[in-house]
Amino acid sequence: MDFRNLGLDPRVLRAVDDAGYTEPTPIQAAAIPVILSGRDLIGIAQTGTGKTAAFTLPLLTRLAAGHSSPGHIRTLVLAPTRELVVQIHDNVRDYARYLSLSVATVFGGVGEKPQIEALRRGADLVIATPGRLLDLMGRRYGNFSGIGHLVLDEADRMLDMGFLPAIRDVVRQLPRRRQTLLFSATLSREIEAVAGEFLQSPQSVEIGRRSNPAETVDQSVYEVPRHLKGAMLQQLLRDPALSMVLVFARMKHGADRIARRLEQHGVRTATLHSNRSQNQRLRALAEFKGGAVRVLVATDIAARGIDVDGISHVVNYDFPPAPEDYVHRIGRTGRAQAVGSAISLVSPDEADDLRALETFIRRTLPRRRLEGFDYSAPAPAASAEPPRGGPRGGPRHGRGPQGARPSRGPSSPGPGPRPPGGGGRSAGASPRGGTFRPRRFR
Ligand code: AMP
């Protein structure tokens with residue numbers, strides 16, 4: 001299949017050429033003709049499949065064929081996070097380089113003035129997070145009466161983050177006659193309901209089996225006591241094959257603690273989570289992309305939609321309770337045609353979550369043991385690793401034998417020297433249960 005046979009504008013094709021894409025990915029081959037025909041579309045595709053270009057290339061073609069109208073907005077793309085908005089914007093800018101179309105972004109965490117100005121001027125395409133956009137629309141900024149296309153990107157995650165009411169309020173203010181495209185990594189009953197609410201006679205395009213992790217990713221599990229995860233991560237990082245590593249932590253302060261410990265051991269590390277300012281987050285991403293730091297430690301929502309080519313390994317330092325999160329996480333590596341690896345460090349209190357994932361993906365992940373690693377090292381007197389807990393893991397993980405603190409468990413040798421690799425108490429001044437916060441923040 002050749003990009004040239006899809007009906008794209010020649011100037012868009014030239015930009016695709018510049019990007020070095022030789023042929024469309026399956027979601028692009030399937031979705032581009034449908035979008036060019038003007039039909040509504042549900043695209044079920046995981047990140048890393050080329051779905052951003054799948055909707056951007058045909059929309060740019062259609063926008064270029066029509067007319068801009070000063071003060072009006074012609075296309076609206078809604079995405080769950082600022083990072084994803086910035087990333088879609090970067091892509092759009094590349095693909096639209098030979099067109100004279102205007103593009104604006106709207107997201108929280110930064111000053112609203114330039115965004116208000118951009119909405120006032122009008123734009124061929126606005127890429128926005130639902131919260132800030134609704135806020136500005138509520139104050140009557142932006143003329144949305146001429147919207148011809150609406151894209152709901154990563155719709156599953158927007159629902160997870162509680163954006164449905166905001167999306168409803170935004171869509172209510174858009175013309176009914178429009179083309180609507182919805183993209184989601186998974187097709188759930190909720191997504192079907194949302195599609196029924198916002199789309200008209202959509203065509204569905206589904207790439208790969210539902211909810212199945214990307215098949216290009218080599219996945220493995222290391223079973224390890226929780227208090228040894230830090231030491232294990234350090235030992236894993238002695239392998240230079242782990243050249244560009246995205247580490248997932250469940251909580252923000254956990255991410256900070258992991259990063260601190262790696263830095264103490266000479267591993268250049270950055271963090272990405274919602275307590276960091278927009279500028280800090282963008283800088284962390286830029287350093288990671290540019291190779292100035294080898295490891296990026298992130299929480300799920302902050303890492304949502306990260307588009308960084310060349311991530312060699314994703315490490316689940318904390319195993320995700322929701323199988324969908326696992327799928328999204330490992331989708332950060334093995335993007336497009338590349339190969340990647342996903343390593344999960346699974347402690348006994350996470351065994352249920354691993355089993356749930358394996359049931360979900362109908363596959364048992366291979367267990368590996370780390371050569372030369374001391375699995376029997378005792379927990380330090382005050383474990384640096386708090387047990388699982390918090391609202392999401394709470395009832396299932398917070399109680400019972402599996403949820404007990406590893407360092408206090410019946411088989412634990414109790415207080416003892418630090419685990420190999422150092423660390424231990426140094427980073428142990430971590431907040432405890434009282435600071436656990438809901439995962440669903442905006
Ligand atoms: P996405 O799923 O939109 O996040 O895209 C994943 C990655 O694939 C991005 O880095 C794109 O630049 C890249 N990509 C998109 N389309 C193609 C293509 N046709 N051939 C090769 N790479 C692509």
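This is a predicted model: local features need pLDDT of at least 70, side-chain atom pairs count only at pLDDT 80 or more; totals for chains, interfaces and linings use all residues.

Biologist: What share of the residues of the protein count as buried?
Modeller: A residue is buried if 20 or more other C-beta atoms lie within 10 Å of its own. The protein has 442 residues, and the share of them that count as buried is 48%.

Biologist: Among contacts between residues at least 6 apart in sequence, what share join residues at least 24 apart?
Modeller: Here we take the contacts in the protein whose two residues are at least 6 apart in sequence. Of these, the share that join residues at least 24 apart is 78%.

Biologist: Let's turn to helices. Are helix 2 and helix 3 roughly parallel or roughly antiparallel to each other?
Modeller: The axes of helix 2 (residues 26-36) and helix 3 (residues 51-65) come within 9 Å and cross at roughly 30 degrees. Angles under 35 degrees count as roughly parallel. Helix 2 and helix 3 are therefore roughly parallel.

Biologist: Which class of residue has eleven members in the contact of helix 2 with helix 3?
Modeller: The crossing of these two helices is right-handed. Helix 2 brings I27, Q28, A31, I32, I35 and L36 to the contact, while helix 3 brings K51, A53, A54, F55, L57, P58, L59, T61 and R62. Two of the residues in the contact of helix 2 with helix 3 are charged and two are polar, and the class with eleven is nonpolar.

Biologist: How many nonpolar residues are in the contact of helix 6 with helix 8?
Modeller: The crossing of helix 6 and helix 8 is left-handed. From helix 6 come P130, G131, L133, L134 and M137, which meet A166, I167, D169 and V170 in helix 8. One residue of the contact of helix 6 with helix 8 is polar, one is charged, and the number of nonpolar ones is seven.

Biologist: Is D135 buried or partly exposed?
Modeller: D135 sits in helix 6, and its C-alpha atom is separated by 9.3 Å from that of A166, 31 residues apart along the chain. A residue is buried with 20 or more other C-beta atoms within 10 Å, and exposed with 12 or fewer. D135 has 15 and is therefore partly exposed.

Biologist: And R176, is that buried or exposed?
Modeller: R176 is found in the loop between helix 8 and strand 6 (179-184). R176 and G148 are 28 residues apart in sequence and 9.1 Å apart in space, C-alpha to C-alpha. With 6 other C-beta atoms within 10 Å, R176 is exposed.

Biologist: Now some strands. Which residue of strand 7 is the bridge partner of I44?
Modeller: L41 and G43 point one way from strand 1 (residues 41-44) and I42 and I44 the other way, and all are buried. Strand 1 is joined to strand 6 by four parallel bridges, with F183 as the partner of G43. Strand 1 also pairs in the parallel sense with strand 7 (residues 203-206) over four bridges. In strand 7, the partner of I44 is E206.

Biologist: Which strands stand at the edges of the open sheet of six strands?
Modeller: The order of this sheet is 8-13-12-9-11-10, with parallel pairing, and the twist averages 20 degrees from one strand to the next. Each edge strand has a single partner strand, so one side of each is left without a neighbour in the sheet. The edge strands are strand 8 (217-223) and strand 10 (269-272).

Biologist: Which residue in strand 11 is the bridge partner of T271?
Modeller: Strand 10 and strand 11 (residues 295-298) run parallel and are joined by four bridges. In strand 11, the partner of T271 is V297.

Technical notes: Residues are numbered from 1 along each chain as its sequence is written. Axes are lines fitted to C-alpha atoms, for helices over the stretch in contact, and angles run from 0 to 180 degrees between N-to-C directions. Angles under 35 degrees count as roughly parallel, over 145 as roughly antiparallel, 65 to 115 as roughly perpendicular and the rest as oblique. A crossing is left-handed if the near helix is turned anticlockwise from the far one by less than a right angle, and right-handed if clockwise. Two residues are in contact if their C-beta atoms, placed from the backbone, lie within 7 Å. Ala, Val, Leu, Ile, Met, Phe, Trp, Tyr, Cys and Pro count as nonpolar, Asp, Glu, Lys and Arg as charged, and the others, Gly among them, as polar. Two strands pair if DSSP finds at least two bridges between them.
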